[in-house]
Amino acid sequence: MIQRLLSLILPLLFGVILLNVFLFFLQASMIFFPLRELQQTPTDWELDYEDVWINSEDGLRLHGWYIPRQGARQTVLFFHGNAGNISHRRESIEIFHRLNLNVFILSYRGYGASEGKPDEKGLYNDARSAWRYLTVERKIKQQDIILFGRSLGGAVATSLAAEVKPAGLILESTFSSAGDMAAVLYPILHWVIYPRYTFDTATRLRQVQIPVMVIHSADDEIIPFRLGQKVFRAAREPKQFVEIRGDHNGGFLLSQPQYQQELGAFIGSLAVAAPPLLSQ
C-alpha cells in the first residue's frame, strides 16, 4: 500500500519541482516588461528638464529626468509601473507639474537607458539611489519629498518609505503582494509555485509612519479593487482612500478633475504654508 502510494506521490512531487525550476527562471519575464527606446522627452511636452545619471549601490548607471517647476517647494519622486519606461508617463508628469511640483522620475535598471536587468532587490536598490540623489546631491529636504508609486511602483515606493521619512506616500493602483496577485492570476498553480519575488506592499506599509493616500479604481481589470483596499487597511493613520473609475492604465485620466483635486488636497496638507497650487 505504501509503495503504491509512493509511486503516485513521487512523480507528482518531481513534476512540481520541475515546474518550479522552470517558472523560477520565467518569473522575471512574467513580471517585468521594460522598453529601452525613449519615445519622447519632456521637451516634446513643452517642459524643461534635466537628464540625470546616477550610480546604484551595486555599480549600475541609472537614468532619469528631473523636471523642475518654477517656484515649487515640493518634489515628487515618481516610481512607475512594470511596463514601458519613463517616456510613457507624460500625463502623470503634466498633472504633477500643474500641481506646482518638481518631479524626479527614474528608469529602473533594465528600463529605458538604465543599465542592468530588473529584479525585486535591484528595484529597491534603485529607489534608494534616487532618494540619495535628491537628498544628497540636490540637497532637497526629506520633508519636501513626496513618494508616488503606481502599480508595481507602489511596492517600490512603499519599500523606500519604510526606510526613510519623506513628507508623504501616494500609492495608485497598487497590489498588496506578489502572492496575492499570483492567487488572482493563477488561482490553482499559486499553491504549488514558489514565488521568486514577494513585493509585499502590505507588510512593508505597516512600517511606514507618514501620511498615506491610496488610490484605486473599482473597474481595475488587472489589480482587483479588493487588493487596493487591503493595501489601505495595512496603512497606519493618517491615511486616505480615493476611489476612482476606469481601467488600470487610464483610470486616473478618466477620473479627472476629481483625481487631480484629490491629489492636490493631499499634497497641500503635507506641508505647512505650502505654495499655492497653480494651473497650467
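Me: Where is the place of Pro 257?
Reply: A quick word before that: this is a predicted model, where local features need pLDDT of at least 70, side-chain atom pairs count only at pLDDT 80 or more, and totals for chains, interfaces and linings use all residues. Residues are numbered from 1 along each chain as its sequence is written, and side-chain values use heavy atoms, with hydrogens and water left out. Helices (H or I, at least four residues) and strands (E, at least two) are DSSP runs, numbered from the N terminus. Pro 257 sits in the loop between helix H8 (251-254) and helix H9 (258-269).

Me: What is omega for the peptide bond from Gln 256 to Pro 257?
Reply: That bond is cis. Another cis bond runs from Glu 237 to Pro 238, with omega near -5°, and Pro 238 lies in the loop between H7 and strand E10 (239-244). For Gln 256 to Pro 257, omega is near 0°.

Me: Why is strand E7 largely enclosed by the rest of the structure?
Reply: Buried means under 20% relative accessible area, exposed means over 50%, and partly exposed is in between (1.4 Å probe, protein chains only). In a regular strand the side chains alternate between the two faces of the sheet. In E7, Ile 145, Leu 147 and Gly 149 point one way and Ile 146, Phe 148 and Arg 150 the other, and all are buried. So strand E7 (residues 145-150) is largely enclosed because of its buried residues: six of the six.

Me: Which residue in E8 does Leu 147 stand opposite?
Reply: Two strands pair if DSSP finds at least two bridges between them. E7 pairs in the parallel sense with strand E4 (residues 75-79) over five bridges, and there Leu 147 is the bridge partner of Leu 77. E7 also pairs in the parallel sense with strand E8 (residues 168-172), over five bridges. In E8, the residue opposite Leu 147 is Leu 169.

Me: Is Asn 100 buried or exposed?
Reply: Asn 100 has a positive phi of about 65° although it is not a glycine. You'll find Asn 100 in the loop between H2 and strand E6 (102-106). Its relative accessibility is 4%, so Asn 100 counts as buried.

Me: And Lys 139, buried or exposed?
Reply: Lys 139 is also not a glycine, and its phi is positive, near 55°. The residue belongs to the loop between helix H3 (120-137) and E7. At 66% relative accessibility, Lys 139 counts as exposed.

Me: How far apart in space are Arg 98 and Gln 260, C-alpha to C-alpha?
Reply: Arg 98 is in helix H2 (residues 90-98). With 21% relative accessibility, Arg 98 counts as partly exposed. In sequence, Arg 98 and Gln 260 are 162 residues apart, while in space their C-alpha atoms are separated by 9.0 Å.
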